[in-house]
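The following note was prepared for a colleague who wishes to examine selected local features of this structure. Please read the points alongside the model.

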Amino acid sequence: MDMELSASGFRIRNETDGQTDFFIDGGGNVGIGCTPDAWTVQKVSDTGANTYFNVTGPSGYVAESQVSSAAAATTLFNRVDNNGVCYIGTNQAKPILFNIHDGTIGEVARFSGHSLGINQSNPQNLLHITDTASGALTKPIRLHNNATGASTKIGIEFTNSTDATSAANSAQIFTERTAGSANAIVLAPSNGTAPAGTLRLETGGKATFAGNVQANSFYAKTNPGVGNDQIYMGFSAPNGLIYSKNSSNAPASNLSLGTTAADGSTSNVLNLSY
């Protein structure tokens, strides 16, 4: 090993290959295995191999690296405690940003207080995701169940309780894979009696409801009319309304009320004709 002190700094050189193993320049920057850049406090490099910067705490102590700004009186630290818990944080109430500097993307995520903003520099909720697509559908979140087969489901659950596992105070919205690779959207309360109270929206516009309709749970205050091949239930004071309309003018649409036998056959009990 060869040690050299000059106007440019202090250097330890490997006499065999001529490589500088340790260098402190005139500005106090340190290079290990390299010449330090002007802005580098410490840089570790091993030619032809992976590059590491390691901070190891002895037994009973945490291991922590810090980057500080004297002007902002703020320190960013990375820490591993004695239990193996890892921390990334600051000593001030300052946001932590994740940036991609390719000239176009810039900031992609921001931790501010207890909030996480993705593509959002001023998050208003615990999770605030922003996408911009004027005049088009934007889908900033994708939930993926990497499986196939009927009854495969994926969704989200909402809970209003101090008990985060309380099924009686929870409800779900999920999609369910049905026959033919179609998917239904299901709104289901988790009250221990599912699927009672479940609303399903099937592919093709079919809607089904499992449960009991309570008084005043289905209503319409005005009569918006009825489209072709549709039935409308509503209210236009002082009358309750049930309308149906055929897709063509002839024949006119009729309305039938009927019953179904145990074998599945139906019988029209009451026919209303135009």
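Over the ring of which residue does the charged end of Arg79 sit at 6.0 Å from the centre?

1. Charge over rings. The residue is Tyr87: the charged end of Arg79 sits over its ring, 6.0 Å from the centre. Please note that the model is a predicted one, and the distances given here should be read accordingly. Arg79 also lies over the face of Phe77, and here the distance to the ring centre is 4.7 Å.

2. Pairing of strands 6 and 7. Arg79 belongs to strand 7, where it stands opposite Glu64. Strand 6 covers residues 63–69 and strand 7 covers residues 74–80. The two strands pair in the antiparallel sense, over seven bridges. Together they form a hairpin, with four residues between them.

3. Ala73 is found in the loop between strand 6 and strand 7. Its phi is positive, at about 50 degrees, although the residue is not a glycine. As background, most residues other than glycine have a negative phi. Ala73 counts as partly exposed because its relative accessibility is 47%, a value between the limits of 20% and 50%.

4. Thr75 in strand 7. Thr75 is placed in strand 7. With a relative accessibility of 14%, Thr75 counts as buried, since that class takes in values under 20%. The side chain of Thr75 makes a polar contact with the side chain of Ser68, at 2.8 Å. Leaving aside neighbours within four places in sequence, the residues in contact with Thr75 are Gln66, Val67, Ser68, Gly89, Thr90 and Asn91.

5. The aromatic pair. How many aromatic pairs does the count give? The count comes to one. The pair consists of Phe98 and Phe111, whose ring centres are 6.0 Å apart and whose planes meet at 70 degrees, so the arrangement is edge-to-face. Phe98 lies in strand 9 (residues 96–100) and Phe111 in strand 10 (residues 106–112), so the pair ties together parts that are 13 residues apart in sequence. Phe98 is partly exposed, with a relative accessible area of 40%. Phe111 likewise counts as partly exposed, at 40% relative accessibility.

6. Ser115 in strand 11. Is Ser115 buried or exposed? At 14% relative accessibility, Ser115 counts as buried. This residue lies in strand 11. The side chain of Ser115 reaches the backbone oxygen of Asn125 at 3.0 Å. Asn125 is also among the residues in contact with Ser115 once neighbours within four places in sequence are left aside; the others are Arg110, Pro123 and Leu126. The C-alpha atoms of Ser115 and His128 are separated by 7.6 Å, although the two residues are 13 places apart along the chain.

7. The loop at Asn119. Asn119 lies in the loop between strand 11 (115–118) and strand 12 (127–129). Its phi is near 60 degrees, a positive value in a residue other than glycine. Asn119 counts as partly exposed, at 46% relative accessibility.

How values were computed: Residues numbered from 1 in each chain as written. Predicted model: local features only at pLDDT ≥ 70, side-chain atom pairs only at ≥ 80, totals over all residues. Heavy atoms only, no water. Buried < 20%, exposed > 50% of the residue type's maximum accessible area, 1.4 Å probe, protein only. Pairing = 2+ DSSP bridges. Contact = heavy atoms within 4.5 Å. Polar contact = N/O pair within 3.5 Å; in protein donor to acceptor, adjacent residues only side chain to side chain. Phe/Tyr/Trp six-rings, centres within 6.5 Å; stacked < 30°, edge-to-face > 60°. Lys NZ or Arg CZ within 6 Å of the ring centre and 35° of its normal.
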